[in-house]
Amino acid sequence: MIFRLAFGSLMARALTVGMTILAIALSVALFLGVEKVRTGAKASFADTISGTDLIVGARSGSVQLLLYSVFRIGNATSNLSWESYQDIAARSEVDWIVPISLGDSHRQFRVMGTTTAFFDRYKYRSGQSIKLKDGAVMSDLFDTVIGADVAATLGYRVGDPIVVAHGLASFTEHEDQPFRISGILEKTGTPVDRTVMVSLEAIEAIHVDWKSGAKIPGKSTPADVIRQMELQPQAVTAALVGVKGRLQVFGLQRAINEYKQEPLLAVLPGVALQELWQIVGIAETALIGVSGMVVITALIGMMATIFSSLNERRREMAIFRAMGARPRVILGLLVLEASLMAAIGAVLGLVFLYVGLAIAQPLVDSAFGLWLPIDAPTAREVCVLLAVIAASAIVSLVPALRAYRLSLVDGMMVKI
Amino acid sequence: MKTLLFLALAVSPAVAEETRQVDAHEHGVGQLDIAFDDKQIAIELHAPGADIVGFEYAAESSEDRAAVDAAVAKLAVPLDLFVLPAVAKCSVVQASAALESEDAHEEDHSNHDKEHKDEHADHADHEKHEDESGHTEFHAEYLLTCAEPAAVSEIKFAYFDVFPNALELEVQVVSNTGANAFEVERDNPMLDLRGMF
């Protein structure tokens with residue numbers, strides 16, 4: 001009975017009620033959307049590297065090592081000498097080791113020197129291997145394999161020549177040694193997409209005619225001569241290491257961290273990722289805070305509409321009272337109306353969210369490499385929705401109590 | 001302690017290319033590494049001497065020696081320190097614990113130790129490697145085997161009850177789902193591992 005009354009009353013004021021519901025729906029959609037982006041970003045982030053037991057580089061911080069070796073953000077403090085690299089590679093615990101040599105660029109993309117083992121060993125999204133979309137891994141000294149974003153942005157195809165620039169933001173290019181694209185990788189949603197990969201020897205090769213960062217004028221070693229040269233690197237930037245047995249990870253980590261000959265650092269990628277996320281996580285808390293505020297604003301807006309409607313509904317309330325409705329019924333009616341509005345708003349917000357996700361998912365994936373899964377609402381999200389409805393019931397108590405008191409007074413007044 | 005440490009470094013051997021590095025050492029904070037592999041669990045603990053016995057000078061008096069021996073004996077019983085759920089049916093395969101000084105690997109300490117004022121008389125029977133000029137660390141390694149390793153959903157750290165000076169353990173865990181880091185503090189001596197299987 002009271003439910004029908006509440007529903008009818010809402011229908012009678014369809015426009016104002018509709019606007020209030022829309023505000024609640026949008027705020028709920030925003031809140032849940034932020035939640036989805038947050039969890040999606042966290043998962044994508046954690047999925048950047050898997051299958052690697054340790055990342056080894058010069059001693060700095062674990063977050064910094066992770067940033068430059070995996071995310072290609074920032075630079076190494078120092079390099080890892082080839083002798084130390086060989087020492088680590090020779091240890092009995094080490095199953096495989098993949099060197100990474102950074103420092104050159106191609107247009108806006110970083111060039112990474114590595115071995116072909118990288119393509120077998122680098123894993124992402126819980127154990128997925130990187131696959132070639134086109135072509136093959138490098139087989140010649142001047143072959144490169146490029147990530148999906150590099151190919152898409154610069155419009156490259158297999159067989160195209162490319163020139164690698166010295167340093168990261170420099171205009172001096174290694175023009176004498178143009179590379180040929182031998183393969184293009186499938187999109188992974190990891191920094192590999194934005195990387196140009198060459199062999200470790202190629203990094204040495206392009207620096208043959210360079211002394212202390214500048215090109216020796218008039219000197220240009222032909223590619224054939226370079227091929228004959230010993231292209232043993234002096235140092236690499238970092239190395240990815242896999243151990244034979246998981247139980248040996250910590251022993252190897254400690255041995256590398258206490259390596260006397262060179263200050264080195266070995267980190268577990270998962271641990272470093274988590275540390276990094278703790279830093280990024282502050283922004284995450286801020287985002288939740290802001291979207292929470294939006295929900296609160298919408299609820300206060302609803303309270304305001306109920307308040308302003310009280311005046312125009314004075315007559316209605318008086319009639320209810322005259323018909324024998326207790327003041328409690330008036331109170332219940334208003335709270336029920338508010339809860340109904342919030343419930344409809346919450347459901348509508350959920351609809352907005354899923355429609356929005358369906359539209360945004362492919363766009364966000366291609367633009368940011370961020371995969372937002374479309375799943376059923378989690379328990380946490382259902383809790384949020386219920387909390388919104390409960391909060392609206394509590395908020396509506398303020399105007400409802402006023403109506404409760406007014407209906408008593410109005411009922412006793414001779415004239416309204 | 002700092003000046004002594006400096007002294008130790010300053011009088012260190014005359015080899016010019018010798019690398020000098022001193023590891024970070026924070027009293028109250030130990031490291032615990034846990035690796036899960038199939039039915040085996042390897043645990044490694046590194047804790048400052050201050051956490052375990054309350055001092056880091058060389059144990060000279062019989063009391064101090066007894067304290068060190070008692071601590072090593074306690075550290076050799078991992079399941080009393082790190083309580084695993086009974087349903088996991090874990091048993092200890094191997095456990096070892098020892099006290100080591102930070103510069104335990106260097107041989108030339110006896111030379112400059114003599115410069116310190118009072119303790120040199122006892123150096124002859126200095127069987128442990130501790131050195132009053134450096135920090136000491138307890139190191140323990142355990143290998144456990146569990147019938148139901150997936151049932152290790154949490155670890156209760158009785159460690160903090162056994163060693164009242166310990167405040168925190170920095171925990172690294174690797175399992176087949178990857179690696180993760182946790183901090184376990186005296187106030188909440190529990191490690192939730194449900195996400196690791």
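A: Let's start at A:Phe352, which, once its neighbours within four places in sequence are set aside, is in contact with A:Ala25, A:Leu26 and A:Ala29. Contact here means that the C-beta atoms of two residues, placed from the backbone, lie within 7 Å. This is a predicted model, so local features need pLDDT of at least 70 and side-chain atom pairs count only at pLDDT 80 or more, while totals for chains, interfaces and linings use all residues. As for labels, residues are numbered from 1 along each chain as its sequence is written, and chains are lettered from A and ligands numbered from 1 in the order in which they are written.

A:Phe352 sits in helix α12 of chain A, residues 327-368. Helices (H or I, at least four residues) and strands (E, at least two) are DSSP runs, numbered from the N terminus. A:Phe352 and A:Leu26 are 326 residues apart in sequence, yet their C-alpha atoms are 7.5 Å apart in space. Because A:Phe352 has 18 C-beta neighbours inside 10 Å, it counts as partly exposed. The scale goes like this: 20 or more other C-beta atoms within 10 Å of a residue's own make it buried, 12 or fewer make it exposed, and in between it is partly exposed, with C-beta atoms placed from the backbone.

Zooming out, the domain assignment of chain A gives domain 1 as 2-45 + 281-412 and domain 2 as 54-267; the bounds come from an automatic or database domain assignment. The C-alpha centres of the two domains of chain A lie 53 Å apart.

Now for strand β15 of chain A, residues 238-243, which pairs with β3(A), residues 94-106, in the antiparallel sense over 6 bridges. Two strands pair if DSSP finds at least two bridges between them. Along that pairing, A:Val98 stands opposite A:Leu240, and A:Val94 faces A:Val243. β15(A) also runs antiparallel to β1(A), residues 54-58, with 4 bridges joining them; there A:Val56 has A:Ala239 as its bridge partner. With 5 of its 6 residues buried, β15(A) is therefore largely enclosed by the rest of the structure.

β3(A) has another antiparallel partner in β4(A), residues 109-114, over 4 bridges, where A:Asp104 stands opposite A:Val111. β3(A) and β4(A) form a hairpin with 2 residues between them, and A:Arg107 in the turn has a positive phi of about 50°.

There's a helix crossing to look at too: α3(A), residues 62-69, packs against α10(A), residues 269-312, at an angle of about 100°, with their axes 9 Å apart. Axes are lines fitted to C-alpha atoms, for helices over the stretch in contact, and angles run from 0 to 180 degrees between N-to-C directions. That makes α3(A) and α10(A) roughly perpendicular, therefore, on a scale where under 35 degrees is roughly parallel, over 145 roughly antiparallel, 65 to 115 roughly perpendicular and the rest oblique. From α3(A) the contact uses A:Ser62, A:Val63, A:Leu65 and A:Leu66, and the residues from α10(A) include A:Pro269, A:Val271 and A:Leu276. By class, the residues of this contact are 8 nonpolar, 1 polar and 1 charged; Ala, Val, Leu, Ile, Met, Phe, Trp, Tyr, Cys and Pro count as nonpolar, Asp, Glu, Lys and Arg as charged, and the others, Gly among them, as polar.
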